[in-house]
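Please look over the sequence and the structure shown here.

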Amino acid sequence: MEVTWTELEEAAAKMDALEQNLPGRSNEWTRRLGRVKLLIRDDAQGEYVEAERMRVDRLMNLVGMVGAGKSTLRDILTFWAATETGQRVTIVVGDVAETLAIVDLFNRLGIDAAPVVGHSTRERHLERLHRRMASTGAETMLGHEHASFNFLSSACPLDALRGVNASQPLRIGEAPCNALYEVQPATSASDNLFGDNNHAADRSPDRKRRKRHGCPLWTACPRHHASRKLVDAQVWVANPASLVHSGVPPALQDERLRHLELACRMSDLVIVDEADRVQMQLDRAFAPATTLVGQSPNSWLDEVAGHKVSELARRGRLQLSEQDVDDWTSAVDTVSAATDRLYALLIGIPPLRTWITEDYFSAMTLHQWLIRSWFPDLTGPDDTAPTGDPAVLAQRRERMEHVEAVLNKFRDEPLEEHEPKNDTDRVTPAANALVHLTLQLLHAHRESMIRRRLRDVLLDLVGDDPTIADDLETHAQRFELTLILAALHDRLDRMTILWPRVEAALNLEATSNVLSRRPPKDYEPVIPESPMGNVLGFQFQLGERTSDGDQSGELRFFRCSGVGRELLLSLPHLPAVDDRPGPHVLLMSATSWAGTSTRYHVHTPVDAVLRPHDDEVTAILDTTLRTEFLYWPGTSPPLPLKLSGSGPGDREKILEQMLNQLAVPDRSLGDAPSMLDAELADIEDPDRRRILLLVGSYAEAKHAARHLDRIPEWTGRVTQLVSDDADLDNSWMVLRRGELTKFPDSGSEILVAPLLAVERGHNIVLPGGKAAIGSVYFLARPHPRPDDIALAIHAINDWAVRQLRGPARTFHRDALAAGAPDSAALAFRRRASKEWNRFLTRQMAWSSLTPDEKVSFTWDQLVVMWQVIGRLVRGGVPARVVCVDAAFAPRQAGLQAVDTPETSLLASMRAVLEPYFTADPASTPLDRSLVQALYEPLYQALADLD
């Protein structure tokens, strides 16, 4: 697909002409396109050179400095493709709010556009849209008017046909769009569209086998307006989750088909905006992970179990008449009981904790570890043959095989007994004994006789082995843990499988469904396995000791099903399996080239760079960065205020002290300004005199904003950013994340926000496109949550991709050296497993990282900071950046010595960029040209820091 810059300028002019006749503010497409230029890679010259023609051939990776106008190019290119060539375009953006905004934009311009919106989260997005409408002043929901409501409708025409006897309307997830059944003559009358749930016949196996029918009103149903509109729409707009997980409705397609596959089949062009963020989302989609149990509020199971109790109580447990709901609640209860028992064992028995906390564990790995500890003479290294009496070894081997068969049978269904196959079946009765034992362990008190029975069953299983009997307590504790974990694992699986079926009945849309959204199996043929194998497991991470010396921990769960990021680069080839041509794919981002970053670097060559004209770049180069370290009053030597890395109990005090020193003036000096007032005055452009204060979370943003509002000089001048799902407190000024663009109209001078909430996705600009905020204060240093398993998932996926796609071609070299594909694959799997275990267990504290990991970590945080600063340089204006947290440069803040790249994130950021701004032989001319185009203002600000 080829387009000239002149053709894009003509398309921009047409868009401006169309908007002149439309209500609302013009987007000034011609002006916005005119402020940027296109640079194409020239391998011969070793740099990116200005070009007048853009050519997308299968895959094009286009990057641009933050604020360079990539979204402008995206929209104009889409308009040109739809109007001038009749091509179909799919745009992939970050979230549903942006999806709906882009659909509205193109529909206003006369382009037939439709969103791809999943049904499982529709209620959440509908509520968010109503909240945003409520903040505009509409008194009731009936007064909420927005074009996006057409695509989020929850109306069900069949609901009205249930008659006046219906006790309550159908919830969004209860609409039987594809689940209508013929009326059975013997069925009693009911107000439930699915039949009488209390009737025995409806819960019988025959009821489940009855043929399902689609709704005859589907073609006119307002709920499916978006799905119908996608059929003929020239422009599809979606987010990664809706594309990967949602399927084409059966009313449109008999075969099961995901929207991502359909988009690749039907689109001529796929534009992926913020490709580096999409890469991370795909990694997580194919490797969901969460903190299963921990300290509130970071405890998924406690959140779900608490929600279950409140929902059942709200309706008098009527939901339990549904078999799926009954089964799901039973699974939740078992998971909760097993987790409590697991914690009792791990917290109370330190040696047991040591046994399982090396890396990760699962029901299968614990079974393997038990076998190794019970039969060490038969499970040594592969190259070590067992020694001893052959007859004894044969008996031992037979016993080990029996134990393995019993444990495998038990692990398949740890809470269900089975009939023996025949009179010679010794495995099933033994497995049934373990099932019965596990059920008792889950509910018996600690001093009951069940522990004695546990020891008897163990000795019987291993044939009264005297070695095990000599250390029976240790083996019994490990055996109990293994049985409990098998039950936990099985019922957790049951929970996630049944989740979609009970989501509506129990209003589970309000809770996190990270574990319930399994990666669809549709992608298994095209997604590479995880490098260490597709694994699932648990990890128990010890927490900090309390003041009393007690120590608990977090139980985390993950399921790795493939290298998700590879799907991004496979989009052009996805339909090839059916001998169909794929789409051309345009990847766009400001930071998809990021050195050794494990999260943001996209492993495909950069083909083009979008860059503002030189006058704007010169203005952005005036961006300044300085440190403004603060100290605890009355300390000698001065003790710096360090928010990052501080304990939960200290963070609020540190934050308050920072704000007091920044916002409270010296009242003894009359009209002396505070530090924040002085900063506002130093912003040259009076239209941009606003400050962004960045903290670590929404909770900290709330605390900081309210603390500032209590300072008389700042009352009424502060706005707090809240999540889109938050309940607003109208007593003072708050702003939802989806409404960030409205901040300049709020009248506030200070916006307090979590760092990652403003990293990207929302431009805060004045009329004319100039950034509305002049200064940003980093009260907290950017740092990922150390307990986030996603960090390990990104790291192992990045490691694997660099092995394959990196310039060293490590995998290809090692594969050739191995001599055979089987040997090469096994060696790769062993290396990957070793790396995976290291990533899972490494400490994320800066001082604990290896030199290579520090460089990678630096690139990760450099991208985060540069994306935030990018909010302040929109329209070709400079930013003022202030680092307050002493963690940025601990030696300098502590008045001890000069920081080095080994001690300071700021110094490390400068060090990783420096080779690309000097004649360093370690960098190529092409890479230098690229990095200078992307990061020059940031590097200059860091270089001037001293």
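## A buried arginine

Which backbone oxygen does the side chain of Arg-871 reach? The side chain of Arg-871 reaches the backbone oxygen of Gln-867, at 3.2 Å.

Arg-871 sits in the loop between helix H29 (851-870) and strand E21 (880-883). Helices (H or I, at least four residues) and strands (E, at least two) are DSSP runs, numbered from the N terminus. Arg-871 is buried but has no salt bridge, and the nearest side chain of opposite charge, Glu-274, is 5.1 Å away. For charge, Lys and Arg count as positive and Asp and Glu as negative, while His and the chain ends are not counted. Buried means under 20% relative accessible area, exposed means over 50%, and partly exposed lies in between (1.4 Å probe, protein chains only). A salt bridge is a side-chain nitrogen of Lys or Arg within 4 Å of a carboxyl oxygen of Asp or Glu.

## About the model

This is a predicted model, in which local features need pLDDT of at least 70, side-chain atom pairs count only at pLDDT 80 or more, and totals for chains, interfaces and linings use all residues. Residues are numbered from 1 along each chain as its sequence is written, and side-chain values use heavy atoms, with hydrogens and water left out.

## Salt bridges

The structure holds 49 salt bridges. One of them joins Asp-95 and Arg-737, whose closest N and O atoms are 3.9 Å apart. Asp-95 lies in the loop between strand E6 (89-92) and helix H4 (96-108), and Arg-737 lies in the loop between strand E18 (734-736) and strand E19 (750-754), so this pair ties together parts that are 642 residues apart in sequence. Asp-95 is partly exposed, with a relative accessible area of 22%, whereas Arg-737 is buried, at 16%.

Asp-333 and Lys-308 form another salt bridge, with the closest N and O atoms 2.5 Å apart. Asp-333 belongs to helix H13 (residues 323-348) and Lys-308 to helix H12 (residues 300-314), so the pair ties together parts that are 25 residues apart in sequence. Asp-333 has 40% relative accessibility and counts as partly exposed; Lys-308 has 8% and counts as buried.

## Helix H18 and its surroundings

Glu-480 forms a salt bridge with Arg-451, the closest N and O atoms being 3.1 Å apart. Glu-480 is in helix H20 (residues 472-502) and Arg-451 in helix H18 (residues 450-461), so the pair ties together parts that are 29 residues apart in sequence. Both Glu-480 and Arg-451 are buried.

H18 has twelve residues, and from its first C-alpha to its last it reaches 16 Å, close to the 16 Å expected at 1.5 Å a residue. The expected span of a helix is 1.5 Å times one less than its number of residues. Its buried residues include Ile-450, Leu-454 and Val-457. The buried residues of H18 pack against several helices, among them H13, helix H16 (390-412) and H20. Just after H18, Gly-463 takes a positive phi of about 75°.

In strand E17 (residues 718-722), five of the five residues are buried. Val-718, Gln-720 and Val-722 point one way from E17, while Thr-719 and Leu-721 point the other way. E17 runs parallel to E19, joined by three bridges, and Thr-719 stands opposite Leu-751 in E19. Three bridges also join E17 to E18, again in parallel, with Gln-720 opposite Val-734 in E18. Two strands pair if DSSP finds at least two bridges between them.

E15 pairs with E21 in the parallel sense over four bridges. Thr-627 has Cys-883 as its bridge partner in E21.

## His-703

His-703 is found in helix H25 (residues 698-709). His-703 is buried, with a relative accessible area of 18%. Leaving aside neighbours within four places in sequence, His-703 is in contact (heavy atoms within 4.5 Å) with Glu-652, Leu-655 and Glu-656.

Key
Polar contact = N/O pair within 3.5 Å; in protein donor to acceptor, adjacent residues only side chain to side chain.
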